[in-house]
Amino acid sequence: MDNLYLKKIDTPIGEMLVGADKSSLLLLEFYDTLRHNKEIKDICKAFNLQVIYDENSIITQTISELNEYFSGKRMNFSIPIQTCGTDFQKSVWSSLTNIKYGTTISYNSQASQIGSPKSVRAVANANGKNKISIIIPCHRV
């Protein structure tokens, strides 16, 4: 069984929890919500991981890129990510990564972009279940 490495970090927008396996970022969530507890369980189950509170190279890279992002030096992330969700959720999250830095779109527009214009509420719900905040920029919708 592999590990889900977890580390709590401070950011300009609050404490966040970073989670990664040996090759991908799996979680970047605000720490002040209880939501991350369920997300950790879901990730561990989906990828057969056990929790370890430690830092690995993916977490180190995430912290570095987040610092650059918050200081205005980075607009895109190069961290390898892996998502855990339904095929529909993954398509919604994938579309979020195509929204350019500094722009926003509506849920209606996002639903159309993924070829499902009548699924506005489902798109909004999927955005709310995004486990990799900021890197997968649901805040742009």
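Which residues in H3 meet which residues in H5? I looked this up in a predicted model. Phe88, Gln89, Val92, Trp93 and Leu96 are the H3 residues, and they meet Ala122, Val123, Ala126 and Asn127 in H5. I sorted this contact by class and got 7 nonpolar, 2 polar and no charged residues.

Next I checked the geometry of the pair. Helix H3 covers residues 87-96 and helix H5 covers residues 120-128; their axes are 9 Å apart, at an angle of about 80°. That makes H3 roughly perpendicular to H5.

Then I turned to the sheet. I found an open sheet of 4 strands in the order S3-S2-S1-S4, and the pairing is mixed. Strand S3 (25-30) and strand S4 (49-53) stand at the edges with a single partner strand each, so one side of each has no neighbour in the sheet. From one strand to the next, the twist averages 25°.

I followed one pairing further. Strand S2 (residues 14-20) pairs with S3 in the antiparallel sense, over 5 bridges. For Leu17, the bridge partner in S3 is Glu29.

I also noted the helices on the sheet. Helix H1 (residues 35-47) lies across S1, S2, S3 and S4 and runs at about 170° to S3. Helix H2 (residues 57-70) lies across S1, S2 and S3, at about 25° to S1.

I counted 1 cavity of 30 Å³ or more. The largest cavity holds about 30 Å³ of space. Its lining consists of Leu26, Thr83, Cys84, Trp93, Asn130, Lys131, Ile132 and Ile136. By class I logged 5 nonpolar, 2 polar and 1 charged residues in that lining. Trp93 is on this list and also in the H3 contact with H5.

Key. Residues are numbered from 1 along each chain as its sequence is written. This is a predicted model: local features need pLDDT of at least 70, side-chain atom pairs count only at pLDDT 80 or more; totals for chains, interfaces and linings use all residues. Side-chain values use heavy atoms; hydrogens and water are left out. Axes are lines fitted to C-alpha atoms, for helices over the stretch in contact, and angles run from 0 to 180 degrees between N-to-C directions. Helices (H or I, at least four residues) and strands (E, at least two) are DSSP runs, numbered from the N terminus. Angles under 35 degrees count as roughly parallel, over 145 as roughly antiparallel, 65 to 115 as roughly perpendicular and the rest as oblique. Contact means heavy atoms within 4.5 Å. Ala, Val, Leu, Ile, Met, Phe, Trp, Tyr, Cys and Pro count as nonpolar, Asp, Glu, Lys and Arg as charged, and the others, Gly among them, as polar. On a 1 Å grid over the protein atoms alone, a cavity is a set of points where a 1.4 Å probe fits but cannot get out, and a pocket is an open set with protein on both sides within 12 Å along at least five of seven lines; lining residues have an atom within 4 Å of a point. Grid points are joined across faces, edges and corners, and a volume is the space filled by probe spheres set on the points. Two strands pair if DSSP finds at least two bridges between them.
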